[in-house]
Amino acid sequence: AAAAAAAAAVTAARRAAASRAAAAEVVKWLPRLDALVIGPGLGRDPVLVDAVRHIFEAAKEMGLPLVVDADGLYLVTNQLGLVHGYTAAVLTPNVNELKRLATAVGATGEGKQGEEEEEEEQIRRIS
C-alpha cells in the first residue's frame, strides 16, 4: 500500500510538472497576442486542463482579451473564478454549455415567473 501511494505521489508530481512546463511554453508567447481563444480542440485531459488554467490566469494578468468556447467552457464551469469579474472574456456557449454554466451558478432555468430576473442575474455573476 505504501509503494502504491508513493507511486501515485510521483505520478501526480510528474503531471503537475508537465502542466507547469506546458503552460510556461505558451505563456511566453502571450505578449505577442491581441486576443486568445481557449477551448476548441482542448479536450479534458487533467494535465492540459491544468496547464490551460495557468495560461488563463496569466492572460488575465496581462489584460488579454479571451474568447472561451467548447472545452474552455468546461474549465470555466468547474472553476467560475477564472472569469468572474474579468470583463475582457467572452463566453460562447451552445445551449447545453449554457445549461451547465447556469447550473454552476445556481440558475436552473426552471424558475417560476418572476424568478427569471433572479436567474438572469445569477448567470451574469459568471462575469
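Which residues touch the most other members of the largest nonpolar core? Before answering, I note that this is a predicted model.

**Entry: the core**

I looked up the core and got three names: Leu36, Phe56 and Leu66 touch the most other members, out of 23 residues in this largest nonpolar core. Next I checked where the core residues come from. E1, H2, E2 and H3 each give two or more residues. H2 holds the largest share, with 7 residues. I jotted down a general reminder here: in soluble globular proteins, nonpolar side chains tend to be buried together.

Then I followed up on Leu36. Skipping residues up to four places away in sequence, I found that Leu36 touches Leu30, Ile55, Ala59, Leu64, Pro65, Leu66 and Val67.

I zoomed out for a head count. The protein has 5 helices and 3 strands. Reading along the sequence, I get the pattern α-β-α-β-α-β-α-α. I also looked up burial for the protein: of its 127 residues, 29% count as buried. For contacts with a separation of 6 or more, I found that 60% are between residues 24 or more positions apart.

**Entry: the sheet**

In what order do the strands of the open sheet lie? I traced them as E1-E2-E3, 3 strands with parallel pairing. At the edges I found E1 (36-38) and E3 (89-91), each of which pairs on one side only.

I took a look at one pair in detail. E1 and E2 (residues 66-68) run parallel and are joined by 3 bridges.

**Entry: two helices side by side**

How do H3 and H4 lie against each other? The axes of H3 (residues 71-78) and H4 (residues 95-104) come within 9 Å and cross at roughly 10°. Angles under 35 degrees count as roughly parallel, and that makes H3 roughly parallel to H4.

I listed who meets whom. From H3 there are Leu73, Val76 and Thr77, and they meet Glu97, Arg100, Leu101 and Ala104 in H4. Sorted by class, this contact has 4 nonpolar, 1 polar and 2 charged residues.

I picked out Thr77, which sits in H3. Is Thr77 buried or exposed? It counts as buried because its relative accessibility is 17%, and the cut-off for buried is under 20%. Leaving out residues up to four places away in sequence, I found Thr77 touching Arg100, Leu101 and Ala104.

**Entry: a glycine in a loop**

My last stop was Gly43, in the loop between E1 and H2 (46-61). Gly43 has 23% relative accessibility, so I wrote it down as partly exposed. What does Gly43 touch, once residues up to four places away in sequence are not counted? I found two names, Val49 and Asp71.

I also checked a distance. Gly43 and Ala70 are 27 residues apart in sequence, and their C-alpha atoms are 8.8 Å apart in space.

Terms used: Residues numbered from 1 in each chain as written. Predicted model: local features only at pLDDT ≥ 70, side-chain atom pairs only at ≥ 80, totals over all residues. Heavy atoms only, no water. Pairing = 2+ DSSP bridges. Helix = DSSP H or I, 4+ residues; strand = E, 2+ residues; numbered from the N terminus. Axes fitted to C-alpha atoms, helices over the stretch in contact; angles between N-to-C directions. Parallel < 35°, antiparallel > 145°, perpendicular 65-115°, else oblique. Contact = heavy atoms within 4.5 Å. Nonpolar A, V, L, I, M, F, W, Y, C, P; charged D, E, K, R; others polar. Buried < 20%, exposed > 50% of the residue type's maximum accessible area, 1.4 Å probe, protein only. Core = buried A, V, L, I, M, F, W, Y, C linked by side-chain atoms within 4.5 Å.
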